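Dear colleague,

Please find the structure below, handed over for your records. A written account of the findings follows it.

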Amino acid sequence: MDTQKISAQEREEAKFSLTGATLYGINAVIGSGIFLLPQNIYRDLGPASIAVMFGTAILTIMLAVCFAEVSGYFGKNGGAFQYSKRAFGDFVGFNVGVLGWMVTMFAWAAMAAGFARMFIITFPALEGMNVPISIGLIILLSLMNVAGLKTSKVFTITATVAKLIPIILFSVCAVFFIHQGLPNFTPFVQLSEGQTLLSAVSGTAIYIFYGFIGFETLPIVAGEMRNAEKNVPRAILGSITTVSLLYMLIIGGTIAMLGSGIMETNAPVQDAFVRMIGPAGYWLVSIGALISITGLNMGESIMVPRFGAAIAEEGLLPAVIAKKNANDAPVVAIAISAIVAIILLLTGSFETLATLSVIFRFFQYIPTALAVMKLRKDQPNTNVVFRVPFGPVIPILAVMISLVMIWGDNPKNFIYGAVGLAISSSIYLLMHGNRKNAQSSIR
């Protein structure tokens, strides 16, 4: 009994505190996008892209507060899957969960590809080694995850603190240097040839949103946090507000220093920092970016398998997927996640994987925003730590803007989503249809 008590205490101490959870949230968001996508962000609108970034930050916060409220109903892993299942039943929960697990694997593959690209930008002698570097990273982090959460947690928080140093330095310098580059903000709207304003805004927003995805990982690993019902909402709001401010300063500073020269370099943020403080700026940002992307991959290695394990723990996927080893790590889910991510790496580029991971994450965000209203109706007396203000206004706006962004990027995205939904629904019916029919017959 004493051994069991000690073991339980050790497991609790290994979990994230509020500070650790907030750092995990910041780490989960700041990764490859802000360093690798400035050209894509700037290309269609020029300096006006910073206005789109502000709007995207507002959308992210609207979605984040929806996650913050519904996370207060739960103290276990699962995120959007758990919310959808509680609000709308097993069928909807299964679809959101399975498609969501696939999306997180797309995202992890994109982040691993982003790590390899940044590594080669920093060390050009390794040109052509993108795929081996990406695969090696996934394998290494999966093995680390198998060793247990405590090991991964220590590395994740350390990487977050380390990568924030150059990011904060750049942001502080941007405040003092941005006035020197004000001419680079005129004309403010520089629409690229062949683009309408709507298509340019939609396309730019998709790339910017890639830089913000990750805030939803905190609820997914809620079971790995102390006092999850209270700490998850606070950590979500704290981390996304911090990241939004840093992103605005980074992109604004880069435009101020380089202007249209952003399109002529593979390392725009590094080159902008060189103009601010000299050659040391290049290496500060490059090493910081590598640490940043490594930390983000560490966070994904924790979150992605636990997404699949959470579905299995609810009985909606085979129980073996939730099987844990002596270190409390879901080893089968870790193996499946790593294998699928590696396959995706072999079939897509960073930009393709990044775009797909953004588009299909909206199919996680929309059910969560809807769940806010449903759970309020079903559980009116539940005392959650945080409630989205203004009644249903913010969840409805979040759903509407999400649908516009999906359509604006490519109307065919709805067809792709429907195909994915048809596949996951068929799997559900094959696995659970008979059980459901049997239960109906008993009634």
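I begin with a pair of helices. The axes of helix α14 (residues 280–313) and helix α15 (residues 331–345) come within 8 Å and cross at roughly 120 degrees. Here, helices (H or I, at least four residues) and strands (E, at least two) are DSSP runs, numbered from the N terminus. Axes are lines fitted to C-alpha atoms, for helices over the stretch in contact, and angles run from 0 to 180 degrees between N-to-C directions. Helices α14 and α15 are therefore oblique to each other; angles under 35 degrees count as roughly parallel, over 145 as roughly antiparallel, 65 to 115 as roughly perpendicular and the rest as oblique. On the α14 side the contact is made by V304, P305 and A309, and on the α15 side by A333, I334 and S337, where contact means heavy atoms within 4.5 Å. By class, this contact of α14 with α15 has five nonpolar residues, one polar and no charged. Ala, Val, Leu, Ile, Met, Phe, Trp, Tyr, Cys and Pro count as nonpolar, Asp, Glu, Lys and Arg as charged, and the others, Gly among them, as polar.

The model is predicted: local features need pLDDT of at least 70, side-chain atom pairs count only at pLDDT 80 or more, and totals for chains, interfaces and linings use all residues. Residues are numbered from 1 along each chain as its sequence is written, and side-chain values use heavy atoms, with hydrogens and water left out.

Helix α14 also meets helix α2 (residues 18–29); their axes come within 8 Å and cross at roughly 110 degrees. Helices α2 and α14 are therefore roughly perpendicular to each other, and their crossing is left-handed. Y24, N27, A28 and V29 of α2 meet S292, G295, L296, G299, I302 and M303 of α14. This contact of α2 with α14 has six nonpolar, four polar and no charged residues.

R306 is a further residue of α14. R306 is buried, at a relative accessible area of 3%; buried means under 20% relative accessible area, exposed over 50%, and partly exposed in between (1.4 Å probe, protein chains only). The C-alpha atoms of R306 and P330 are separated by 6.9 Å, although the two residues are 24 residues apart along the chain.

Two other buried residues deserve mention. E69, in helix α5 (residues 49–71), has 0% relative accessibility and touches V372, R376, V384, F386, R387 and V388, leaving aside residues up to four places away in sequence. L137, in helix α8 (residues 130–146), has a relative accessible area of 8%. Leaving aside residues up to four places away in sequence, L137 touches A112, F115 and N297.

As to the chain overall, it has 18 helices and zero strands. Of its 443 residues, 55% count as buried. The largest nonpolar core has 132 residues, and those with the most contacts inside it are F170, F209, F215 and F362. Helix α7 (residues 90–122) gives the most to this core, with 19 residues. Such a core is a set of buried Ala, Val, Leu, Ile, Met, Phe, Trp, Tyr and Cys residues joined through side-chain atoms within 4.5 Å. F362 touches L59, L63, I206, F209, P367, S402, M405 and I406, not counting residues up to four places away in sequence.

With kind regards

Key
A crossing is left-handed if the near helix is turned anticlockwise from the far one by less than a right angle, and right-handed if clockwise.
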